[in-house]
Amino acid sequence: MKKVISLIVVLLMMVALMAGCTSQGTEAETTETADSSTSEEVAPVSYEWEQVGETENIAMVEQEPEEPLTFAFIGFQNNSFWDLVQGGVLAATDCLAEHNVTVDNINCGESITADVLNSAIETCVVQGYDGIVITPFVSGIENYLQDAIDAGIPVVTLYGESAATAEDTDRLCFIGQNNEAAGKIVGEAIAENTEVGKYAVITASFTMENLEVKRNAAQAVLDAQGYEFVGAYEANDSADETYSLTLDILTANPDIVAIYCVAGGPSGAPEAVKEMGMTGDVYVIGHDETDLNLQYVRTGEMTVIGQNPTGVSFDGFMLLYNNVVAGQVPEQEIMDSYSMILDSTNVNELFPE
């Protein structure tokens with residue numbers, strides 16, 4: 001497994017994740033299906049960190065597949081967020097291999113577009129996968145996803161999906177951050193840590209619906225308190241582009257008090273703030289507990305809102321396995337991952353170096 005946060009945290013998370021393979025979980029009700037008499041109960045979703053970054057996970061049913069299965073993971077790799085995602089995918093791959101399940105890890109590259117995703121989904125249908133876990137951040141893939149589902153391939157979505165994906169497909173379930181709640185948390189964090197003043201937003205793309213929900217929710221909190229919005233900018237999940245944009249923002253607005261980085265590559269913002277000698281004057285907040293982000297959190301140059309990507313991707317595969325093997329349907333179609341603010345006051349306790 002790749003180094004995700006620190007060696008200690010990675011080892012602890014691997015232990016917790018692999019424990020999800022043992023079907024040892026707390027009791028919870030599941031939706032009954034025609035095959036419910038042959039299936040076991042599934043542990044409830046819990047993503048809350050326990051001091052050192054451990055998570056409780058979905059438990060596997062005590063039932064083996066009747067024949068070998070092959071699942072697909074459809075994701076990307078354009079910033080360090082995906083290292084966290086891959087930590088869970090790799091743990092699930094090792095876990096499922098013990099139960100006659102192969103996971104094909106399909107990397108769609110750096111460009112998150114509907115065309116790229118649709119091509120990957122079509123390929124999975126042609127190749128006859130038994131299940132798909134996918135990260136559908138953009139709209140325009142709904143028909144292709146539904147075609148896969150109609151072909152008998154259950155689908156679990158992770159991290160971000162469009163309203164059309166949620167409403168117009170029969171995907172099994174979604175696991176990810178509650179976008180509106182996360183945006184409000186960010187807005188409140190900025191308001192609690194700054195005087196009313198100017199702020200800016202750097203996002204990946206205005207076409208990503210889930211990011212726009214976060215951005216608008218944060219802006220609603222700040223605008224209601226009298227903050228002045230100086231602009232939103234696209235950085236395409238790139239730390240380098242975020243760095244350059246931040247330099248431009250700081251130069252044009254030397255009195256700015258906060259910058260919210262909605263998507264991947266937020267570490268470029270505190271780097272630029274530090275270079276400009278404005279650390280402590282500009283509150284930088286971004287998403288995801290990547291190793292690079294946490295370096296800036298430890299030194300007080302950045303705040304992060306986490307969502308446990310490693311646990312989310314692992315649990316997506318556990319839910320898929322339980323459905324394909326035992327016919328279990330999750331009690332909830334939408335499962336919110338745990339959102340938590342990480343700053344210099346708690347990061348070393350939660351993620352020790």
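Let me begin with the largest pocket, which is lined by 20 residues; Asn193, Tyr283, Gly300, Thr303 and Asp343 lie nearest its centre. Please bear in mind throughout that this is a predicted model. The space in this pocket comes to about 310 Å³. Two elements, α6 (179-193) and β9 (283-287), each supply at least two residues of the lining. Helix α6 provides the largest share, 4 residues. By class, the pocket lining comprises 9 nonpolar, 7 polar and 4 charged residues.

How many cavities of 30 Å³ or more does the structure hold? There are 2 of them. The largest cavity contains about 180 Å³ of space. Its lining is formed by 18 residues, and those closest to the centre are Phe81, Phe137, Leu211, Ala263 and Asp288. Helices α2 (81-97) and α7 (209-224) each contribute at least two lining residues to this cavity, and α7 gives the most, with 3 residues. The lining of the largest cavity divides into 9 nonpolar, 6 polar and 3 charged residues.

The largest nonpolar core has 75 residues, and the members that touch the most others are Phe71, Ile74, Leu96, Ile132, Ile190, Phe317 and Met318. Which helix gives the most to this core? That is α11, covering residues 309-326, with 9 residues. Apart from this core lies another, of 23 residues, including Leu250, Leu294, Leu342 and Leu350.

Some residues already mentioned link these topics. Asn193, listed nearest the centre of the largest pocket, falls in α6, which spans 179-193.

A word on the cysteines. Cys173 has 0% relative accessibility and therefore counts as buried, the cut-off being under 20%. Cys261 also counts as buried, because its relative accessibility is 2%. As for disulfides, the count comes to 0.

Finally, the chain as a whole. Its secondary structure consists of 12 helices and 12 strands. Of the 353 residues in the chain, 58% are buried. Among contacts between residues at least 6 apart in sequence, 74% join residues at least 24 apart.

How values were computed:
Residues numbered from 1 in each chain as written. Predicted model: local features only at pLDDT ≥ 70, side-chain atom pairs only at ≥ 80, totals over all residues. Heavy atoms only, no water. Disulfide = S-S within 2.5 Å. Buried < 20%, exposed > 50% of the residue type's maximum accessible area, 1.4 Å probe, protein only. Core = buried A, V, L, I, M, F, W, Y, C linked by side-chain atoms within 4.5 Å. 1 Å grid on protein atoms, 1.4 Å probe; cavity = no way out; pocket = protein on both sides within 12 Å on 5 of 7 lines; lining within 4 Å. Points joined across faces, edges and corners; volume = space filled by probe spheres on them. Nonpolar A, V, L, I, M, F, W, Y, C, P; charged D, E, K, R; others polar. Contact = heavy atoms within 4.5 Å.
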